[in-house]
Amino acid sequence: MKFVRKKENTERYVDTIFSVVNAAKADPLAINATAGCLYDEEGKLLTFKCVYDAEKTIQPAKRAAYASSPSGNADYIDTISKFVLDGRVKNHHRAIATPGGTGAIATAVTSCLDEGDTILYPQIAWGNYKVIAAEHNLRSLTYDVYDLGDLFEKIDSIDGKVFLIINSPCQNPLGQAYSYEEWKKIIGKLDSLDKEVVLLCDIAYIDYADGDPKAYFPLFDSIGDHILVLLCASCSKAFSYYGQRLGALIAVNNDEEFLDHYINLCSRLARATWSNLNNAAMINIAQVLSEHRKEYDEELLAAKKMLKERTDLFIGQAKECALELYTSCGGFFVTIAYDDNKKRDEDHQKLIDHHIYTIKVNKGIRVGLCSVPLKTVDGLAYKIKELI
Ligand SMILES: Cc1ncc(COP(=O)(O)O)c(C=O)c1O
């Protein structure tokens, strides 16, 4: 194509999600299970009161100002790191602010991988990993999240650096999560390798997980020197702050000096791409975490409870009517299982014809319970089962 760089991907970029989302919005009878955002029981995008009350206190001149550094405002980096790590990681760590979790993942990929390198991510996954991989001319390799044997085989098949993405807990779209014991095995496997390993933990949805989803973080204290852990966090989900584009990349490694160089390198990358982040958003999240933590925790707990009621109900009713779902530990989505993508396509269209809007994923149909009120979730599994 004229004007663009030689290796530019010139295939037409079609965002399949947004076309279904728009169709759902145009249908007054829609059951809209397409969204990747949490909606309240009245069908409105859920917002945390403490987040938006605090935001009102930020003066226009501060909103208008550039942030203090390409790597982010120091108080934001400090508070978000403490919030994410929760005192669980004693090993050396350093962070940079990023535009959402996506910015953190893109920074990790750009900073660690060369063209032609391999990137390993789940077979059924958030579609953007594939887009990021293609954009960087990487070789995509995928693994079955339910089978550690398959993951380890894929790791062993990689020549050179291992760059592994794990999106646990509340995996998008499956709701899958690794247990502490599974994490121990994964870290043990990575430790046993005699090559460089980058472990990217995409923890975008961790704040909505049940139990103690950060229990595995202390495992990062005893990793080998050949492992770099990159935690990619998203304020989109944690603070219902999707459009403000804020997140963080937190790097953990045994070598403090390396981390200093690494974060410096990421800062230069940031300067050369987005230059600077949303100043008001950083000020706000820092103040919510330092001054309104109790209110935030209470609101988050209520949001989690609301989501769990929906997933428990849907999963329970799916079981009753034998609607086959991938095993889920909760989160924003559940996914109907398919062996065959052709049959999935037919069923997806059938559901649309009956005003049920969902998202197609590899070998599955994703039902975004995050955007469906409980009263609509009630009976939805039966309806779907009947139609397909
Ligand atoms: C698995 C996963 N990771 C990361 C993200 C990043 O979100 P954001 O860039 O809005 O923080 C998303 C968003 O949908 C996601 O589903």
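Me: What makes α5 roughly perpendicular to α10?
Reply: In this predicted model, helix α5 and helix α10, the latter spanning residues 256-273, pack at an angle of about 110 degrees, with their axes 10 Å apart. Angles of 65 to 115 degrees count as roughly perpendicular, and therefore α5 is called roughly perpendicular to α10. The crossing of α5 and α10 is right-handed.

Me: Why is α12 called oblique to α15?
Reply: Helix α12 (residues 293-320) and helix α15 (residues 380-387) pack at an angle of about 40 degrees, and their axes lie 8 Å apart. Roughly parallel would need an angle under 35 degrees, and roughly perpendicular one of 65 to 115, so α12 is oblique to α15. The crossing of α12 and α15 is right-handed.

Me: How do you know that α5 is mostly covered?
Reply: A residue is buried if 20 or more other C-beta atoms lie within 10 Å of its own, and ten of the 13 residues of α5 are buried; among them are Gly 100, Gly 101, Thr 102, Ile 105 and Val 109.

Me: Which helix gives the largest share of the shell around the ligand?
Reply: That share, three residues, comes from helix α5, residues 100-112. The ligand is surrounded by 13 residues, and the closest are Gly 100, Gly 101, Thr 102, Ser 234 and Ser 236. By class, the shell has nine polar, three nonpolar and one charged residues, where Gly counts as polar.

Methods:
Residues are numbered from 1 along each chain as its sequence is written. This is a predicted model: local features need pLDDT of at least 70, side-chain atom pairs count only at pLDDT 80 or more; totals for chains, interfaces and linings use all residues. A residue is near a molecule or strand if its C-beta atom, placed from the backbone, lies within 6 Å of it. Helices (H or I, at least four residues) and strands (E, at least two) are DSSP runs, numbered from the N terminus. A residue is buried if 20 or more other C-beta atoms lie within 10 Å of its own, exposed if 12 or fewer, and partly exposed in between; C-beta atoms are placed from the backbone. Axes are lines fitted to C-alpha atoms, for helices over the stretch in contact, and angles run from 0 to 180 degrees between N-to-C directions. Angles under 35 degrees count as roughly parallel, over 145 as roughly antiparallel, 65 to 115 as roughly perpendicular and the rest as oblique. A crossing is left-handed if the near helix is turned anticlockwise from the far one by less than a right angle, and right-handed if clockwise.
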